[in-house]
Amino acid sequence: MSRNAAVAGAALAVLLLSGCGAAGGADTSGAPTPSSHVEFNSIVSTATTSSADPGTDGGAEEPSVSRPDGPHRKAYLQSLETADKRLTADPDEAVDNGRNGCLDILRHKPGPTRIGNMQQRFSTRVPDMNPAAAQAVLAAARAYICPHA
């Protein structure tokens, strides 16, 4: 299973589970229950889950990045295509790679880790991607996919 499929599956599970908790007969006794908070109107959102077990880390936030809208997607893909046409051979994959780069930024991963991860994400399309090219892709992702990161 690819990393993108795993992330998408986890996001779908959170959304489905949050919908199940709100459907028919929700318990309003005040006991802690799993919750999900997703802001669909923002480019960067945070999904929050809490646990009913008081001994666990209730409320740990996991960043998520929404798909860019039409103009931002187009600008991002144009930036990549200008750098190397191979980067946009599969536009959806290129956008997903950019979103994952944004997650690295939001998770405060060190610069060299972000660059290495971006090189790995594009390794099938651009096996000779150098660190400067990976940094350019990260800059485009930050500008057009997660400008608030």
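**Close-up 1. A disulfide joins Cys102 to Cys146, with the sulfurs 2.1 Å apart.** We call a pair of cysteine sulfur atoms within 2.5 Å a disulfide, and by that rule the count here is one. Cys102 sits in helix α3 and Cys146 in the segment after α5, so the pair ties together parts 44 residues apart in sequence. (Helices are DSSP runs of H or I, at least four residues, numbered from the N terminus.) The S-S torsion is about -85°, so this disulfide is left-handed. Both Cys102 and Cys146 are buried, meaning under 20% relative accessible area with a 1.4 Å probe, protein chains only.

This is a predicted model: local features need pLDDT of at least 70, side-chain atom pairs count only at pLDDT 80 or more, and totals for chains, interfaces and linings use all residues. Residues are numbered from 1 along each chain as its sequence is written, and side-chain values use heavy atoms, leaving out hydrogens and water.

**Close-up 2. Helices α2 and α5 pack with axes that come within 9 Å and cross at roughly 165°.** Axes are lines fitted to C-alpha atoms over the stretch in contact, with angles from 0 to 180 degrees between N-to-C directions. Over 145 degrees counts as roughly antiparallel, and α2 and α5 therefore qualify. From α2, His72, Ala75, Tyr76, Ser79 and Leu80 meet Val137, Ala140, Ala141 and Tyr144 of α5; contact means heavy atoms within 4.5 Å.

**Close-up 3. Phe122 and its neighbours.** Leaving aside residues up to four places away in sequence, Phe122 touches Tyr76, Leu80, Leu87, Ala94, Asn97, Pro127, Met129 and Val137.

Conventions: Helices (H or I, at least four residues) and strands (E, at least two) are DSSP runs, numbered from the N terminus. Buried means under 20% relative accessible area, exposed over 50%, partly exposed in between (1.4 Å probe, protein chains only). Angles under 35 degrees count as roughly parallel, over 145 as roughly antiparallel, 65 to 115 as roughly perpendicular and the rest as oblique.
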